Amino acid sequence: MPEALKAVSTLSAMKLPMEFGPLLVAWQRKHGRHELPWQNTQDPYRVWLSEIMLQQTQVTTVLAYYQRFLQRFPTVADLAAASLDEVLAMWQGLGYYSRARNLHRCAVAVAALPDGAFPRTAVELAELPGIGRSTAAAIAAFCFGERVAILDGNVKRVLTRLLAFEGDMASSAQEKLLWKHAEALLPDEGITAYTQGLMDLGSSICSTRSPQCLLCPVSELCSARAAGETERYPVKTRKLKRGRRENWWLWLENPAGEVLLQQRPETGVWAGLWTLPLFDDEAALLLAAEGLEPEVLPRIEHALTHFDWILHPRRAVLTNGYQAAGVGQWVAREKLASYALPAPLKKLLG
């Protein structure tokens, strides 16, 4: 049987615990989170901003960034009017900078709409740059009360454990099937509390390791708990192999105390950020620094999503009359804060 037909057959055969939705709604209203700064609002700009920031980032980290970001860009029109450099500078330290680039692209797209406002349905929201299906559903549920399912990483973990879902999340067909289950489990009312309840459950109680099943409001419905196999779900067989990259950084300062920076290309790692001149090997760095004797600094080991990056900084202070090879921009130390720098460089420059 083709996989797509098998998925439909499995969906019709599985008996879903329809008590799940009402129980989760009741629990969230009584015990869930209610005081986060992006809650208790129906402003799609604020909800959207929080959803993007919270992707792959802890709530405790996002809190300070969220408030500062709103102070600088209080509306989607303000964000759209800003330059990408300004946005990246405000984002630095949060990581996953593609989120910031997509955030800016999306703000420009929203500002260009006839009324300059976010669309009101999940389908329309998902057509905007950088807004995936789950994020679009969260905005539509929280701001416009649309009865629609979310399925981010935390929610996948909750639902696959609830259902003891054996489908491989590396398979698009199986993920589509889980989406259908998520839609079928939606309660008839209380969509805002239900959506927030899924997020609360996935981010705290139903953790990746050592889930707190005794505190879970739906533990009696959980098939994975009944089988004693909570950590088995979600099933995902295809794992990315971590790579390793090695580069050399040339930290040049001129007699005025300015640092030479170069902007990264618009695609690739650290796209659009400002860094020290980067070289593939030490020989290329020394060639660019001809006539200098750069100081060897401790190497930096920086872990990114798919690879570990080993960076070897070399520092030299120029004398009067020395012309540094290569292109870039000299930036005064006191102005570095206005440039979007990757986290390891920000730490290096102090």
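Residues are numbered from 1 along each chain as its sequence is written, and side-chain values use heavy atoms, without hydrogens and water. Because the model is predicted, local features need pLDDT of at least 70 and side-chain atom pairs count only at pLDDT 80 or more, while totals for chains, interfaces and linings use all residues.

**Ring pairs**

A pair of aromatic rings is described by the distance of the centres and the angle of the planes. Rings of Phe, Tyr and Trp (its six-membered ring) pair if their centres lie within 6.5 Å; planes under 30 degrees apart are stacked, over 60 edge-to-face, and the rest tilted. The count comes to 10 aromatic pairs. Two of them are shown here.

| Pair | Centre to centre | Between the planes | Type |
|---|---|---|---|
| Phe20 and Tyr194 | 6.1 Å | 90 degrees | edge-to-face |
| Trp48 and Phe118 | 5.3 Å | 55 degrees | tilted |

The Phe20 and Tyr194 pair links distant parts of the chain, 174 residues apart. Phe20 is in helix H2 (residues 20-31), and Tyr194 is in helix H12 (residues 191-205). Helices are DSSP runs (H or I, at least four residues), numbered from the N terminus.

Phe20 counts as buried because its relative accessibility is 0%. Tyr194 has 2%, so Tyr194 is buried too.

Trp48 lies in helix H3 (residues 44-53). Phe118 sits in the loop between helix H7 (98-111) and helix H8 (122-125), so the pair ties together parts that are 70 residues apart in sequence. Trp48 is buried at 1%, and Phe118 is buried at 7%.

**A cluster and two charges**

Trp249, Trp270, Phe307 and Trp309 form one aromatic cluster. Arg245 lies over the face of Trp309, at 5.4 Å from the ring centre. Such a charge (NZ of Lys or CZ of Arg) must be within 6 Å of the ring centre and within 35 degrees of the ring normal. Arg68 lies over the face of Tyr65, at 4.8 Å from the ring centre.

**H3 against H4**

Tyr65 also belongs to helix H4, where Tyr65 is among the residues that meet H3. Contact means heavy atoms within 4.5 Å. From H3, the residues involved include Tyr45, Leu49 and Met53. H3 and H4 (residues 59-72) pack at an angle of about 140 degrees, with their axes 11 Å apart. Axes are lines fitted to C-alpha atoms over the stretch in contact, and angles run from 0 to 180 degrees between N-to-C directions.

That makes H3 oblique to H4. Angles under 35 degrees are roughly parallel, over 145 roughly antiparallel, 65 to 115 roughly perpendicular, and the rest oblique.

Conventions: Helix = DSSP H or I, 4+ residues; strand = E, 2+ residues; numbered from the N terminus. Buried < 20%, exposed > 50% of the residue type's maximum accessible area, 1.4 Å probe, protein only.
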